[in-house]
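Here is a short report for a reader who is meeting this structure for the first time.

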Amino acid sequence: MTNLKISALDYVEQIQNGNISAEDFVSETVDRIKKVDDTLHAFLSVNDDVIEQARAIDKKIKSGDKVGACYGMPISIKDNMCIKGSKTTCASKMLENFVAPYDATVITKLKQQDAVFIGKVNMDEFAMGLTTEFSAYGPSKNPWNTDCIPGGSSGGSAVSVSAFECVTSLGSDTGGSVRNPASFCGVVGYKPTYGLISRYGLISYANSIEQIGPLTRTVKDSAFMLNMICGLDSNDNTTVDNNSEDYLSGIDSGIEGKKIGIIKEMIADGTDPAVLSSTKDAISKLESLGAICEEISIDMVKYSVAAYYTITATEAGSNLARYDNLRYGYDFPVEGYEFNSYIAKARKNFGPEVTRRMIIGGFVPSAGHAGKYFLKAMKVKSKLTKEVNEAFKKFDLLIAPTVPILPFKLGEKIDDPVSLFLVDINTVTANLTGKPAISVPFAISNGLPIGMQLFANSMNDKLLLQAAHALENTVKLPEVPI
Amino acid sequence: MVTEEEIERVSKLMKIDVDDHKEYVDKVHAMIDYFDILDSAGVESEEISMPEIPISQLREDKHVPFDQKLIEKLNNYKGSYVRAPKMS
């Protein structure tokens, strides 16, 4: 019986040592999915030919051919990233039959490293949500307590890693969509500096702030994934040159002497007492490792959620305009329709959350309202960035709980959009400012995971991963109960 | 306060067919009402800063042909044109 609970780095080591074969591992992973995914619903589709792919990689290993760094590792992919020839639905009825004609850059890079894409995983429709309840194909469940939401929008990614249905996953993070589900499912979720990973082939929601990021069992695995998928891309002009940095090397450097700012506004009223207590515990553990921790105030955090939703709804209103039923959509015949009603009829199939955000996306930047909403949101974003940059003049890192509350029951907040907004309060700052942030599983309260979030300055991802690795090593959490 | 009429007008502009506008009024109103917090941020004099990418760092402005005829993946096309319904 193969141990499916190993980290990505352990998988590579065991394959290299000949202790396991890619075919056995992938085959048992498929069995695991069959066993648990009826309950968890992490996957929207599982690829048919993964065992053949793994067998081909084993053959390459045996014949001494050059093999990529993934060695047939099963990886799940959020269903908003294009894999050529595969369905990419964005968990929407709108793209139910959309087959991607090209690979996203991250997919191309992972294919070159002999990854096996085990399947596409669930998400909130078009990544709009933080519970996975807004998927047109039904919600995913939290493996720690299946009555609870797994977080989102990359909920399927987090569930699949947490429940051993793959080794690692790729998600996308627009306002916390990697870190939030990672925190709720007890895995590592990492949003790199904006531009470090190409977004080419990621279906757009809010381009100016969204970023692909890995969900993994360990911080080292996140560094491993980053090494493979980062870098300049001529297909994405927002990508930045990282000078071929190796994020794994020196990851054990520790954090002695590092100054860490505790963001006051992210542990304010409304923070669950268990989350607050875990935050204090994390701070004292970091101090025991030689870090110097002090409180800092970032005033604009209070306005960040309103700014975030205003900006993302505006960008979504523009991005989703492409779903006109002519190039994307249902492809029903054009005869008998007037142009506007034809497009409107197709868009009726957007789910309620996407429809709401499209309406808001039309409202907040419109003449007469732009000054009050959109422009003010952009000013908050600018001032927030200034304040965070100031903070990084004094501190190497910042810390806050990833989410101020514990995973909640399915359906509990679905009819209360403002209460859902506030779940994002600690994560949107990294997106609005482009800074890297990572959620590390840190504690379990009442059987549910709590993640701790670290931030670093732009392009200081290596330091961030070193600190996260140090924090991760201070705790040993129980195994997921499913 | 966002009115039902405003939502109807915006959804028409966004080309979204919504059966029951009332269904959306409460939630959209709650969301936009929350955005009013921006009024107390005191950012009126703030300048909007945007990340800048020097032109020298942009890729060459050159046509890169795609290896597939995407138009053939559509059901409604004629020659090299997408077929669309008549404009009113």
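## A helix pair across two chains

In this predicted model, helix α11 of chain A, residues 352-363, packs against α1(B) at an angle of about 95°, and the two axes are 9 Å apart. Because angles of 65 to 115 degrees count as roughly perpendicular, α11(A) is described as roughly perpendicular to α1(B).

On the side of α11(A), the residues that make this contact are I359(A), G362(A) and F363(A), while α1(B) contributes I7(B), V10(B), S11(B) and L13(B). Sorted by class, the contact between α11(A) and α1(B) has 5 nonpolar and 2 polar residues, with no charged ones.

## The contact between the chains

The contact as a whole takes 43 residues from chain A and 41 residues from chain B. On the side of chain B that touches chain A, the elements giving two or more residues are α1 (4-13) and α2 (21-35) of chain B, and α2(B) supplies the largest share, with 8 residues. By class, this side of chain B divides into 26 nonpolar, 9 charged and 6 polar residues.

## The largest nonpolar core

I359(A), one of the residues of α11(A) in the helix contact described above, is also among the residues that touch the most other members of the largest nonpolar core, which has 166 residues; the others are I75(A), L397(A) and L454(A). The element that gives the most to this core is helix α9 of chain A, residues 301-319, with 10 residues.

Leaving aside neighbours within four places in sequence, L397(A) is in contact with K258(A), I260(A), L454(A), F455(A), A456(A), L464(A) and A467(A).

Technical notes:
Residues numbered from 1 in each chain as written. Chains lettered and ligands numbered in written order. Predicted model: local features only at pLDDT ≥ 70, side-chain atom pairs only at ≥ 80, totals over all residues. Core = buried A, V, L, I, M, F, W, Y, C linked by C-beta atoms within 7 Å. Buried ≥ 20, exposed ≤ 12 C-beta atoms within 10 Å, placed from the backbone. Helix = DSSP H or I, 4+ residues; strand = E, 2+ residues; numbered from the N terminus. Contact = placed C-beta atoms within 7 Å. Nonpolar A, V, L, I, M, F, W, Y, C, P; charged D, E, K, R; others polar. Axes fitted to C-alpha atoms, helices over the stretch in contact; angles between N-to-C directions. Parallel < 35°, antiparallel > 145°, perpendicular 65-115°, else oblique.
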